[in-house]
Amino acid sequence: MEDQPKFPDLTDAERRALEDLMPDELSEIITSGLKRRHFLKLITFTGTSLLATHLLGIEQLMARTTTPAPAPPTGVENGVNVAFNLNGRAQTLLVDSRMTLLDALRERLALTGSKKGCDQGQCGACTVLVDGRRVLSCLTLAATCEDKAVTTIEGLADGDTLHPMQAAFMKHDGFQCGYCTPGQICSAVALLSEAKNGEASYVTQHARQTEKPMKLSDEEIRERMSGNICRCGAYPNIVDAIREVHGDKAVAQVWQFADGTI
Amino acid sequence: MRPFKYSKADDAGTAITRVSANAGAKFLGGGTNLIDLMKEDVLHPLELVDITRLKYADIAKTATGVTIGSTATNAITANHELIRKNYPLLSMAILAGASAQIRNMATNGGNLNQRTRCTYFYDVAMPCNKRQPGSGCGALKGINRNHAIFGWSEKCVAVYPSDMAVALAALEALVHVEGKNNAKRTIEFADYHRLPGDTPEKDNTLQTGEFITSIDLPENEFADHSYYLKIRERSSYAFALVSVAAALSLEGNRIKQVRIALGGVAHKPWRAAVAEQWLTGKEATEANFRAAAEAELKNARPLEHNQFKVAMAKKAITRALQGAMQGGVYGLEGGAENGMPK
């Protein structure tokens with residue numbers, strides 16, 4: 001019995017990889033919680049869902065990872081063929097008429113940067129640009145995107161060079177958990193062009209004056225970003241990031257790494 | 001979401017024929033309200049006819065004012081130079097609504113046809129005469145903090161959510177619609193939305209298959225003195241508790257003409273006719289604004305949880321008129337002096 005492998009039906013390589021990841025005793029998890037070292041390893045490799053699956057049996061887990069990718073859908077009810085430009089490339093897709101742009105991006109096109117927060121148009125996590133204007137992809141039917149140009153967070157950078165707004169969000173720590181960030185950044189990029197066009201907001205002092213470009217106050221930035229909710233409350237840093245890219249001078253960051261940590 | 005057929009219309013006639021021929025069909029504009037309601041299973045159309053590609057997006061001068069197309073987006077409309085310069089009240093009202101993303105999607109026609117945000121309408125486990133006629137009104141004796149203080153019936157106490165429409169009511173806009181067999185008609189804005197009465201399932205006076213083609217804004221003398229004030233539970237991206245569209249034309253300091261419409265208080269944009277009549281011909285003073293607001297709110301019928309709206313509406317009317325006097329400059333309407341936050 002001593003030679004009985006801990007994880008049957010695995011190749012040697014898989015077993016070694018898994019044993020390296022797993023805590024020595026599963027009871028350790030249950031009685032005393034995961035040690036930080038193991039926890040970090042686990043989430044690094046697999047995401048936190050593995051924690052729950054420990055208790056379900058490892059065979060199920062490994063079986064799941066080897067499931068072949070699902071076949072492309074056939075005979076879609078109320079199928080609509082849609083052709084659009086996605087991050088600069090032509091894209092065609094057969095979608096169920098009910099499919100939102102958000103689901104098409106995430107589930108069919110493997111672009112999971114756009115996030116599903118509320119799925120009801122209240123949080124802004126799904127914000128993308130359609131024909132250069134910010135919209136909510138959770139309330140946009142994919143079928144309505146025929147001939148349009150869709151830009152997602154994945155399409156903002158130029159190769160390995162970040163979009164200035166992406167770089168500014170990093171510099172100013174414009175996030176904590178990061179879930180709302182792709183929507184915040186897409187929204188902020190559109191905000192810049194709206195200000196350039198002289199578009200007003202509710203807090204614009206003189207609605208009748210139509211000069212452009214507009215120089216936005218912090219109050220203006222906050223109002224214009226109100227469609228993007230950040231549950232971590234990174235708002236001051238988000239405003240700093242936008243002010244830096246919108247303005248003509250650098251904005252000092254309010255944090256720095258502790259000595260010796262980088 | 002339940003299955004539905006989707007099609008794009010190339011011309012209004014085709015769209016109208018399709019929607020007229022199928023009781024389960026609806027026009028699809030920006031979808032910001034309709035798709036949400038379909039996800040919630042409040043609405044379940046069998047067919048959507050996408051009208052966003054129809055050629056009704058023009059905003060242009062006419063002999064009598066400015067016309068705005070029904071398929072132009074709210075964002076384009078609010079920022080059009082003709083609207084910003086001549087109808088700043090409409091720009092302010094549109095920009096007070098929703099978020100930048102939603103205003104980029106929402107069409108002008110769709111804005112007028114928004115459904116109520118009453119939570120009993122949205123919650124399919126609750127009774128709602130508007131969603132299911134005859135099932136009762138959950139809000140009448142329920143949590144009715146956000147509900148009507150004017151014009152409600154035992155059947156429905158919901159309020160209509162649009163900001164844009166409150167400004168259009170004050171501007172006495174005209175709604176042009178087209179129906180089956182090319183039948184065109186024009187509806188005065190006051191007659192477009194309706195009070196609930198015994199048939200709260202009908203929000204407006206559109207007939208089946210009728211399609212809004214454009215909205216006319218008559219010329220006026222209000223551009224120098226108009227203001228849209230919106231009071232809500234957070235400073236942005238929330239529906240109004242009370243909102244006020246106020247517009248004045250003055251001779252010296254005497255009020256020649258005044259328009260006041262309220263949002264968040266009734267099943268339709270509420271023209272404050274009593275206050276308007278009270279003010280016409282009088283001096284434009286804060287004391288008069290207050291007295292007019294008092295007169296208007298004498299007729300309010302608050303529910304159990306929304307009595308605060310009566311006091312709020314009085315102060316909001318006063319403030320909005322002060323904002324109009326200050327030339328419509330945002331933030332100059334003097335909230336603090338009226339004991340209210342900005």
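V177(B) has I212(B) as its bridge partner in strand β8 of chain B. That strand covers residues 211-218. The model is predicted: local features need pLDDT of at least 70, side-chain atom pairs count only at pLDDT 80 or more, and totals for chains, interfaces and linings use all residues. Residues are numbered from 1 along each chain as its sequence is written, while chains are lettered from A and ligands numbered from 1 in the order in which they are written.

**Strand pairing in chain B**

- Strands here are DSSP runs of E with at least two residues, helices are runs of H or I with at least four, and both are numbered from the N terminus.
- Two strands pair if DSSP finds at least two bridges between them.
- β6(B) and β8(B) run antiparallel and are joined by five bridges.
- β6(B), residues 174-178, is also joined by five bridges to β7(B), residues 184-188. This pair runs antiparallel too.
- L174(B) has E188(B) as its bridge partner in β7(B).
- β6(B) and β7(B) form a hairpin, with five residues between the strands.
- In the turn, N181(B) has a positive phi of about 55°.

**Overall fold of chain B**

- Chain B contains 13 helices and 12 strands.
- Its C-alpha trace spans about 55 × 50 × 30 Å along the principal axes.
- The radius of gyration is taken over C-alpha atoms, and the globule rule is 2.2 Å times the number of residues to the power 0.38.
- For 342 residues, a compact globule would have a radius of gyration near 20 Å; chain B has 20 Å, which agrees.
- Of the 342 residues in chain B, 53% are buried. Buried requires 20 or more other C-beta atoms within 10 Å of the residue's own, with C-beta atoms placed from the backbone.
- Contact means that two C-beta atoms, placed from the backbone, lie within 7 Å.
- Among contacts in chain B between residues at least 6 apart in sequence, 62% join residues at least 24 apart.

**Domains of chain B**

- Domain 1 is 5-52 and domain 2 is 226-338. These bounds come from an automatic or database domain assignment.
- The centres of the two domains, taken over C-alpha atoms, are separated by 36 Å.

**Contact between chains A and B**

- Chain A gives 35 residues to the contact, and chain B gives 34.
- On the side of chain A, the elements giving two or more residues are β4(A) (133-136) and α9(A) (218-224).
- β4(A) gives the most, with four residues.
- By class, this side of chain A has 10 nonpolar, 16 polar and nine charged residues. Ala, Val, Leu, Ile, Met, Phe, Trp, Tyr, Cys and Pro count as nonpolar, Asp, Glu, Lys and Arg as charged, and the others, Gly among them, as polar.

Conventions
A residue is buried if 20 or more other C-beta atoms lie within 10 Å of its own, exposed if 12 or fewer, and partly exposed in between; C-beta atoms are placed from the backbone.
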